[in-house]
Amino acid sequence: MKKMKILIIVTIVLGVLILKKEDKNMKKIEVGDAIPTINLKDENGVEVNINAIKKPLIIYFYPKDETPGCIKEACKFRDEFQRFTDLGVQVFGISGDSSASHKKFKEKYHLPFTLLADTNNEIRKKFGVPKSLLFLPGRVTYVVNKNGIVTYMFNSQFGAEKHIEKTLEFLNKNKADIN
């Protein structure tokens, strides 16, 4: 029993050290930084080059389709979608799920925005989106101006609906910063 406890503790410590090393190797995108190149397939399997879109963007990273927090977040973006559209902002959701998973998720919840499949978590790593609780893919929302510069970011794993509230609050106060 004692050996088992020691093995569990050593495993946890090694896991934490590996994750810390991984985090140090990731560049974390901050306000004022240009976004990296983003070419991902959408829910229909069509490649989308986000950098070619010359308008303000919301790029939100979420953990997984069909999970409670992600459903709440996606539906809140859906419910407030017209407000984003009125501000001239295009919304993209990104997770590690496949295009097929995104298609089902989008259809089931009638989502009016594009979902992108980052199946290798390459873009998540380029942004430096941190993991939560050592293993959950992080939940971070970025506002990007028409020149591809991050003007705002909000990071909260468990405040899924706050992402929309805080982002709209920022957009309404800083309309000039996003154009």
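**Close-up views of a predicted model**

Read along the sequence, the elements of the protein follow the pattern α-β-β-β-α-α-β-α-β-α-β-β-α-α. The model is a predicted one.

**View 1. Overall content of the protein.** The secondary structure amounts to 7 helices and 7 strands. Of the 179 residues in the protein, 45% are buried. Where contacts join residues at least 6 apart in sequence, 66% of them join residues at least 24 apart. The protein has an accessible surface of about 9,800 Å², and carbon and sulfur atoms account for 57% of that surface.

**View 2. The open sheet of 7 strands.** The strands are arranged in the order S2-S1-S5-S4-S3-S6-S7, with mixed pairing. From one strand to the next, the twist averages 30°.

**View 3. The pairing of strands S6 and S7.** Strand S6 (residues 140-144) runs antiparallel to S7, and 5 bridges join the two. Tyr142 has Met153 in S7 as its bridge partner.

**View 4. Helices lying across the strands.** Helix H2 (residues 68-79) lies across strand S3 (57-61), strand S4 (90-95) and S6, and its direction is at about 165° to S3. Helix H4 (residues 99-109) lies across strand S1 (39-42), S4 and strand S5 (114-117), running at about 155° to S5.

**View 5. The contact of helices H2 and H6.** Two packed helices are described by the angle between their axes and the distance between the axes. The axes of H2 and helix H6 (residues 162-173) cross at roughly 35° and come within 8 Å. On the H2 side, Glu73, Lys76 and Phe77 take part in the contact, meeting His163, Ile164 and Glu165 of H6. Classed by residue type, this contact of H2 with H6 comprises 2 nonpolar, 1 polar and 3 charged residues.

**View 6. Phe77 and Phe113 among the aromatic residues.** The structure contains 12 aromatic pairs. One of them, formed by Phe77 and Phe113, is edge-to-face, with 6.1 Å centre to centre and 65° between the planes. This pair links distant parts of the chain, since Phe77 belongs to helix H2 and Phe113 to the loop between H4 and S5, 36 residues apart. Phe77 is buried, its relative accessible area being 0%, and Phe113 is buried with a relative accessible area of 2%. Both residues belong to one aromatic cluster, formed by Tyr60, Tyr62, Phe77, Phe81, Phe84, Phe105, Tyr109 and Phe113.

Note on methods. Residues numbered from 1 in each chain as written. Predicted model: local features only at pLDDT ≥ 70, side-chain atom pairs only at ≥ 80, totals over all residues. Heavy atoms only, no water. Pairing = 2+ DSSP bridges. Helix = DSSP H or I, 4+ residues; strand = E, 2+ residues; numbered from the N terminus. Axes fitted to C-alpha atoms, helices over the stretch in contact; angles between N-to-C directions. Contact = heavy atoms within 4.5 Å. Nonpolar A, V, L, I, M, F, W, Y, C, P; charged D, E, K, R; others polar. Buried < 20%, exposed > 50% of the residue type's maximum accessible area, 1.4 Å probe, protein only. Areas by Shrake-Rupley, 256 points an atom, 1.4 Å probe, with all protein chains shown as cover. Phe/Tyr/Trp six-rings, centres within 6.5 Å; stacked < 30°, edge-to-face > 60°.
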